[in-house]
Amino acid sequence: MVARLFSKKHPTECEELLEQIAQNQPLPTGGPENEVYPMVSAANWLAHRRSALEPRPGFVRASRQRLLARLRARGGKRPWLHRHWGDIAWWQHPLAHLALVVLLVASGFLSASRLTAASRAWLPGDLLYPLKPMAEQAALLASLTKEGDAQLHIQFAHRRLIEAQSLVFENRYEQIPAAVADFDHHVSQAVILVNQMAGVQQDEARSLATELQQALTGQMGMIILLTNLTPDTSQAEFHRLLIISEDGVLGVQNVLPPDGGDAQHQGWKLIPRVSMHELGEG
Amino acid sequence: MPERQHADEARLVQQAQKGDIEAFGQLYEFYAPLVFRFLFSHLDDRLDAEDLTEDVFIRVWEALPGFRVQGVPFGGYLFRVARNALYDHYRRNRRRSSGAELNLEWESVQTAGDFHLDPAESVPRDMEHGELRASLAKLREDYRMVLTLRFLVGLSTEETAVAMRRSAGAVRVLQHRALLSLRQAIEQQESEENGRQTF
C-alpha cells in the first residue's frame, strides 16, 4: 500500500535520479530536479558531503599492511568453528556427514532420535557439540524444499537461544558468541528464504513469516531477561541477539498477511522494545 | 555501480575463504574506504572510525567461511558485519557515542578539528562532517542507516537489504521516508542557523 502510494507520488524519473545519486553521480545543487523532488534534493545534499567522510591519505595502504600483518601473525588462522577444509567448513563436508552416519550405525544401540535428544543438552564448548551442527546441516540437506529449510532454520535459531540461556546459567559466557553467531545465521537464512518464497508461494511464505515473527517476538522477552542476568562483559552479545531478532521481524514484515500488521503490533506491545538509546544506556 | 564494481570480487572472496591473506588484502583495499565512510558518518572521531574499520575486517576474515558466494552480495554481508561492529562500539563507548548522544550540538562539532590533515583542508571537511552528523542525528536510527548505506556508501538497494536484513522493497519504502525526513531536518537546521546569524 505504502509502496503503491510512493510510486504514484514519485514518478520513475525521481527513482532514476535517486539511483544516479546513489551511484556517486550527484546532480548540481539548486538544479530544477532538486526543486521538483524534495527526496532528490535530500539525496543530493548527502552525496555532496561524501568527501567529508573520506579516509586520510595513506590510511588504507597503511592499515592494509597492519591488518595483513596481524592475520599473518596469527598464521591466518580462524576460530576453529569457522575453519575450512578445502572450500567448505568441516562440518559441511560430505565426509563429515558420512562419518556421522557411520558413527550412528556403528554405535548400534544409539538411534537417531536418541542422538537428537542427547544432543539437545550439548552446549558450545562441549566435546560432542560439533556433532550437533553436523546433524543440523544434514537435516537441512535432507530437506528438499525452501519451506522445509526455513522451518528448520527457525527451529535451529531457537535452539541457539536455548543454548545461550543454558550457557548463562552455567556461567560459560565465553561460549555465548558462537551461539549468537549461529543464531544470526539461522535467522538471516530464514528471512531470506521467506522473502524468496513470497513471490511464488505466497500462502506458505505468509504462514512462515507469521511463525518467524511470533517466534522472534516471543524470544525477545527471554533475551531481555538474560541480558539482566549476564555480567557487563557479555551483555553485548545479548544486545546483538535483540538486534538480530528485531531485524528478523522487520525482514519479513512485507510478507506478513494484511491483517498481520495488527497482530504484529500487538506482538511488539508485549515486549518492551529496546532502542539504540537504551542499548547505549546499557 | 561504477564506483564499486570489482570484476574479481567473487574470486577474491573464494580465495580469502580458503585462507589467502593477499586476496583478502585486495578486498580490504577496495572496500576499506567505503566501510570507513560508513563508520565515520556515525562517529565523531576519525581515529575511532579507523580502528573500527580494521576491526570490521578482522571480523569478516573470521566469519568468511560461513559466507556463501552464491547467496548474498558480499558488499551487503560486509556492511551487515560493519553495522554489528558499530552497535558494539556504541555499547562499549556509550558515554561518548551512544545513540542518545547523537544529538550533538553544532557548536561542539565546529570546534572539533582534525589534526591529522592540513588545516586548510581539514577545517572545511570537519565542518561538513559536523553538519552531516548533526542533520543525520535528528533522524531515526533505521533512517540514518538506510541513507548512509545508500547515498554515502553507495550500496545498491539489494546490498542495503542484506546489510539491514530487510527485503529490497522494504528498503525502497524506508529510503523514501528517510529522505523526506532528512529534508525536513536540513530545513530545520538551516532555519536555526539563519536565526542564529540574525540574532
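What share of the contacts in chain B with a separation of 6 or more comes from residues 24 or more positions apart? The figure is 64%, where a contact means two C-beta atoms, placed from the backbone, within 7 Å.

This is a predicted model, in which local features need pLDDT of at least 70, side-chain atom pairs count only at pLDDT 80 or more, and totals for chains, interfaces and linings use all residues. Residues are numbered from 1 along each chain as its sequence is written, while chains are lettered from A and ligands numbered from 1 in the order in which they are written.

**View 1. Chain B is built from ten helices and zero strands.** Helices here are DSSP runs of H or I with at least four residues, strands are E runs of at least two, and both are numbered from the N terminus. Along the sequence, the pattern reads α-α-α-α-α-α-α-α-α-α.

**View 2. K138(B) sits in a loop of chain B.** Look for this lysine between α7 (119–136) and α8 (141–153). K138(B) counts as partly exposed because it has 17 C-beta neighbours inside 10 Å. Its C-alpha is 9.7 Å from that of Q189(B), a residue 51 positions away along the chain.

**View 3. Chain A has 14 helices and two strands.** Of its 282 residues, 35% count as buried. Take the contacts between residues at least 6 apart in sequence, and 61% of them join residues at least 24 apart.

**View 4. Helices α10 (residues 176–198) and α12 (residues 232–251) of chain A pack against each other.** Their axes are 10 Å apart, at an angle of about 5 degrees; axes are lines fitted to C-alpha atoms over the stretch in contact, and angles run from 0 to 180 degrees between N-to-C directions. So α10(A) is roughly parallel to α12(A), the term for angles under 35 degrees. Residues making the contact include F183(A) and V187(A) from α10(A), and L241(A) and I244(A) from α12(A).

**View 5. Helix α11 (residues 202–229) of chain A bends at M220(A).** The bend is about 25 degrees, taken between axes fitted to the seven residues ending there and the seven starting there.

Note on methods. Buried ≥ 20, exposed ≤ 12 C-beta atoms within 10 Å, placed from the backbone. Parallel < 35°, antiparallel > 145°, perpendicular 65-115°, else oblique. Expected span 1.5 Å × (residues − 1).
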